[in-house]
Amino acid sequence: MVCPRCNSDVPEVSHFCHHCGNDLRSGDAERKKAYAARPDEPVASFRLVSTIMPQGSGKQPYTYKVALGVALLLTVLTAALGALPVAIMVAAFSIPIVYILYLYDVNLWEDEPIPVVAAAFVLTGVLAAVFTWIWSDKIALSLDTIGGNDAGPAGRDLLILLLLVPVVSELIRQIGPLYLASRPRYDDLMDGFTFGVVAGVGYACFETLVLHWGWISGGFAGPGSSAGTWISIVLLHGFIKPLIYGSATGLAGAEFSGLGEGYDGFTPRWVFGVIQAIVINALFQGGVYLLGFVGGHGSTVGAILGVVWGLLLLGALIIRVRTVLHKGLLEAALESAARGGSNHASGDLAFCSRCEMPLLPHSDFCSACGNSVRSVPKSARGVAAQAVAGGGAGGYDATTGETQA
C-alpha cells in the first residue's frame, strides 16, 4: 500500500503512515480527530496536561493532573482562611515544581539537569524578579498591581502594562530557551517548546512573589469578607498567568527550533512567534488591569472578572498551541519522508511508548496508534538489539506488519 500523502510504501495492516503520520483509514487528511502528540484526543480540545507536557507526559499523566488539582485545592483553602503567605507561595511554586518533575520524568535534560534548570528557570526567575521590582516599585504604577482605583484607568499605567512589561518580559523569557535550543542535543521542535514553557512558568513564579511580597510579609490575615478577592487573585497569578506565559513563550521557542534537523534560528516565524507572545501578554496585563476597576478598587467582582478573562485567553492559547504543534509535527514528518525517513526510530527494533507496538524503520509515527515519535521522550526512543531488516528472529516484518517469533 502506498501513502497518498508522502508516497511511502506502508504495510497493509497500518492505520497510519509511519513516515508522515497520515491517517490511512478514516480519510481525515489533517488528522483533526487525532492529535499528533496524543492521538486519542482531537486537536481542538482543552486538554491542559497533554498540551503543555507534550512529550509523553511521563508514564502516568494522571499524576500531574492530581498534583495540580491538589495544589489548586490547597491554594483555595489557604486563601479562604486568610493564610495569604502560604496561599501565595503554594500558588507561585506549584506549576514550576510540577513542570520540573515532568522534565525529570521524561529526562528532557539528558543527564544535564543543572545547566538546563539554571538556564530555563533560575536565570529567567532572577531576571524576572529584578525587572518586576523595577517596573512595579521604581517606575511604580499609580495603584497596586492587583486592582483598580476609583479615579479610573491612567494612561501612564496602560503604557507600562501594554508596552513596557510585555515586550521586556518576553525578551527575558526568550534568553534561556534560545540558549538551550541552539545546542545540538536540544534542537528539536518539542524541546524548544518545552524550554519556553519552563521559562514562562519560572518568570510568572518570581513575578508573583515580587508583586505580592506585601501579602507574604504581612502574615496571617484571617477569614474575612475579602476571601473571594484573595482566592481570585491567587488563582489568576498562581495558575492562570504561568500557563499563559509558558504557552506563549513555548510557541516562540518551538518556532526557533523549527521543523527539521538542527534549529532554524532567528527566522521570520520566530519573530512572529515573539510578537504573538507579546500581544498575548499585553492582552492579559491590560485586561486584568482594566477589569480591576469594575466595582471599585480591590473589589471581588473585578478580581473574578480578571480570572474569567485569563481563562478565556488561556483557552484560546491552548487551542493555538495544539494546532501549531500538530501541524509542525506533521510537516516535519513530511519533510523527513522526502529524505527517506527519520532517524528517531531507525535501524534496530523500537517500540511505541503509547501502544507498545513495534515501530517500522525510520519512523516518525507509530503505524498502529499514530503517535508522533518526536513527542516521545528521547530516553524512551531506545531500541532493542534485534535487527528489523528482513524480519529476522525477534524482528518486525515491514511487509506483513507482524512480529516474527
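**Transmembrane spans and a nonpolar patch**

The unreviewed UniProt entry lists residues 62-80, 116-135, 193-215, 227-249, 270-294 and 300-319 as "transmembrane region", in the numbering used here and with annotations that may be inferred rather than shown by experiment. This is a predicted model, in which local features need pLDDT of at least 70, side-chain atom pairs count only at pLDDT 80 or more, and totals for chains, interfaces and linings use all residues. Residues are numbered from 1 along each chain as its sequence is written, and side-chain values use heavy atoms, with hydrogens and water left out.

Student: How do you know what residues 116-135 are made of?
Tutor: Helices are DSSP runs of H or I with at least four residues, and strands are runs of E with at least two, numbered from the N terminus; residues 116-135 are 100% helix and 0% strand, with end C-alpha atoms 28 Å apart.

Student: Why is Val126 called partly exposed?
Tutor: Buried means under 20% relative accessible area and exposed over 50%, with partly exposed in between (1.4 Å probe, protein chains only); Val126 has 45%, so Val126 is partly exposed. Its place is in helix 4, residues 113-138.

Student: What makes the nonpolar surface patch that includes Val126?
Tutor: Val122, Val126, Val130, Trp133, Ile134 and Ile139 make this patch of about 470 Å². Patch residues have over 30% relative accessible area and no salt bridge, and nonpolar side chains (Val, Leu, Ile, Met, Phe, Trp, Tyr) are joined within 5 Å; a salt bridge is a side-chain nitrogen of Lys or Arg within 4 Å of a carboxyl oxygen of Asp or Glu.

Student: How much of the chain is buried?
Tutor: Buried residues make up 55% of the 405 residues.

Conventions
Patches are made of residues with over 30% relative accessible area and no salt bridge: like charges are joined within 9 Å, nonpolar side chains (Val, Leu, Ile, Met, Phe, Trp, Tyr) within 5 Å. Accessible areas come from the Shrake-Rupley method with a 1.4 Å probe; for residues, only the protein chains shown count as cover.
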